[in-house]
Amino acid sequence: VNQQHTSGHTSTKTRLLIMGPPGAGKGTQAALLAGRLRIPAVSTGDMFRALQHADTPLAVQVRAVMAAGGYVDDATTNDIVTDRLGATDCADGFLLDGYPRTLSQVLYLDELLAQAARRLDAVICLRVDEEEVVQRLVARGQMSGRVDDTPQTIRARLAVYQEQTAPLLETYRARGLLLPVDAMGTVQDVAERIALELDGHAALDLSILPTP
Ligand code: AMP
């Protein structure tokens, strides 16, 4: 019932998360993988970055939270995710990047999926060395001008990640969903490791396109 046939391949309706500390390369890998799986990458960070330019009280609040390296409140975050996952292009699967980040978001997502009789298929966890992460983010901040990539904000974001988000990995591990991937090395190397992990995940039957 949950499968469709496309050119001889069985393609599952795939619902994935990608997690990992700031600077692990989530956004880059999410975009690549989503393309290979033909599902949308849904990044709450991108949605908040788009939203912060608006001239609304919410935009002002999001801008302040992001500039300080904190998390946007759960209610606001859950709302934008609910809207986005309700769009038709997410009906056949999605790759969530940067959500959930708090226990309350994990529980909310569980409920949202359960209401639609859906569940997560796997959670990719990118693992990096923290020193390397700081260096990557400082370099990115210099190149992109991202306001939350200053050394001070990076430290704040890593601390918030360690405190609020890292413990969530255990929840997904306990459910048998966690796929840890070494995220050190080139974008290509990491992309291949992710594809290998997904291929080896017994519960999934994916057709992953080659990298472009
Ligand atoms: P990212 O691009 O995923 O690193 O997100 C950039 C910033 O957006 C974060 O530092 C947070 O301020 C905010 N943000 C993104 N996703 C979430 C989330 N799931 N919960 C709360 N805040 C978020």
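This is a predicted model: local features need pLDDT of at least 70, side-chain atom pairs count only at pLDDT 80 or more; totals for chains, interfaces and linings use all residues.
You are looking at an open sheet of five strands, arranged in the order 4-5-3-6-7 with parallel pairing. Its edges are strand 4 (41-43) and strand 7 (178-182), each of which pairs on one side only.

**Next, select residues 93-97.** This is strand 5, and five of its five residues are buried. Which residues lie on each face of strand 5? Gly93, Leu95 and Asp97 are on one side, while Phe94 and Leu96 are on the other, and all are buried.

**Stay on Asp97 and look to both neighbours.** Strand 4 runs parallel to strand 5 and is joined to it by three bridges; in that pairing, Ser43 has Asp97 as its bridge partner. Strand 3 also pairs with strand 5 in the parallel sense, over five bridges, and here Ile18 is partnered with Asp97.

**Now move to residues 14-19 and 122-127.** These are strand 3 and strand 6, which pair in the parallel sense over four bridges. For a landmark, show Leu16 together with Ala122, its bridge partner in strand 6.

**Finish with residues 187-200.** This selection is helix 9, which lies across strand 3, strand 6 and strand 7.

Key: Residues are numbered from 1 along each chain as its sequence is written. Side-chain values use heavy atoms; hydrogens and water are left out. Two strands pair if DSSP finds at least two bridges between them. Helices (H or I, at least four residues) and strands (E, at least two) are DSSP runs, numbered from the N terminus. Contact means heavy atoms within 4.5 Å. Axes are lines fitted to C-alpha atoms, for helices over the stretch in contact, and angles run from 0 to 180 degrees between N-to-C directions. Buried means under 20% relative accessible area, exposed over 50%, partly exposed in between (1.4 Å probe, protein chains only).
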